[in-house]
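The sequence and structure come first.

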Amino acid sequence: MKLGFGRSLLKALRAQKKISKQIEKAVKTARGRTKRKTSRPPKPILVETTAFGSNPGRLVMKSFVPTTRLPKNPALVVLLHGCHQTPESLDAAAGFSKLAKERGFVLLYPQQTRANNSQNCFNWFRPSAVARDRGEVRSIKQMIEHICERHRVDRSRIFVAGLSAGGAMTGALVANYPSLFAGAAIIAGMPFGSARDAMSALRAMKSGATPPLGGWGRPIAEISPEAKAWPAITIWQGMEDRVVKPVNALACVAQWLEVQGIAGSSGRLQEKPWGRLQSWKMSGQLKVALYSVANMGHGLPIKKRKSVTALRSGDPYVIPVEISAPAEMMRLWGLSRFRI
């Protein structure tokens, strides 16, 4: 009896020792995984480039280049963030890097610094920042040239879009370098030449910009008198915008119609479930379009997902509504899903 009991006890002790070793091994494995996770921070989606030119505007260059599914000569999309934003916050909320990966294009994000502007706004209202081959527009053009050469970009497919101050800077870029771009989107932006300093910029945003002598087309005609062709311009505006008064979108429309010699009365008006679309064409091709989005304040519209109950995107200036500006831009610019 005692012998049988001793064997049972020995067997139980061995089993317990085996279980203890297995638990210890599992704990070490879990700790190792946790250590690996914490010691290897996730690779940033956007990559910074420091040497791209003289950079007179003292901006930061960030980009996203898909490692797979990239055609031999890809298109380039340039995106300009708004005040209080960063390229990372805009990209995370609007998903442009995901679109770049799906559709095979290169993505460029110029970034403002607080040393230039305490609110992280592009200085669209400073003449020295938006004059041809000077300041911030020169820095952005240098970024475009650098990324075009490095990634063999198709120069006939360079597109630019911007939100708020970035939208106003988009207008400045097209005004200075019209032949550089195949399409542009000004989102909650301002007409080119509507301000000369921070105070006049704030007044124009809140009350509406005053047309310059000679009309809205004059500031662009003066800076690019040799231009014969212009990219298609889409203008996006929230009807409930309290930061940039919607009348400024009408001024943007008047500016780009005038510089191209298009009569305002020749446009087509369409009522949409998401708001109102006005468009102007020449020879059957879209030249200017105004997307007036209902029930939307100041920001970039993205499509509201049915599975998401909260109307938040992670960025207060990226707003879920009934239309997606990124998707519409992809459609208008011919950036369809890339197939190898």
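How much space lies in the largest cavity? The largest cavity holds about 50 Å³. This is a predicted model, in which local features need pLDDT of at least 70, side-chain atom pairs count only at pLDDT 80 or more, and totals for chains, interfaces and linings use all residues. Residues are numbered from 1 along each chain as its sequence is written, and side-chain values use heavy atoms, with hydrogens and water left out.

**Cavities**
- The count is two cavities of 30 Å³ or more.
- A cavity is a set of points on a 1 Å grid over the protein atoms alone where a 1.4 Å probe fits but cannot get out, and lining residues have an atom within 4 Å of a point.
- A volume is the space filled by probe spheres set on the points.

**Largest cavity**
- Its lining includes Leu79, Leu80, Phe96, Ile187 and Met329.
- Strands β3 (75–80) and β5 (158–163) each supply at least two lining residues, and β5 gives the most, with three; strands are DSSP runs of E, at least two residues.
- The lining has nine nonpolar, one polar and no charged residues, with Gly counted as polar.

**Second largest cavity**
- This cavity holds about 30 Å³.
- Among its lining residues are Trp124, Met190, Pro191 and Phe192.
- Seven lining residues are nonpolar, one is polar and none is charged.

**Helix α10**
- In α10 (residues 325–332), Ala325, Pro326, Glu328, Met329 and Met330 are buried, meaning under 20% relative accessible area (1.4 Å probe, protein chains only).
- Met329 also lines the largest cavity.
- At the start of α10, a side-chain oxygen of Ser324 lies within 3.1 Å of the backbone nitrogen of Ala327.

Technical notes
On a 1 Å grid over the protein atoms alone, a cavity is a set of points where a 1.4 Å probe fits but cannot get out, and a pocket is an open set with protein on both sides within 12 Å along at least five of seven lines; lining residues have an atom within 4 Å of a point. Helices (H or I, at least four residues) and strands (E, at least two) are DSSP runs, numbered from the N terminus. Buried means under 20% relative accessible area, exposed over 50%, partly exposed in between (1.4 Å probe, protein chains only). A polar contact is a pair of N or O atoms within 3.5 Å; within protein, one must be able to donate a hydrogen and the other to accept it, and residues adjacent in sequence count only if both atoms are side-chain atoms.
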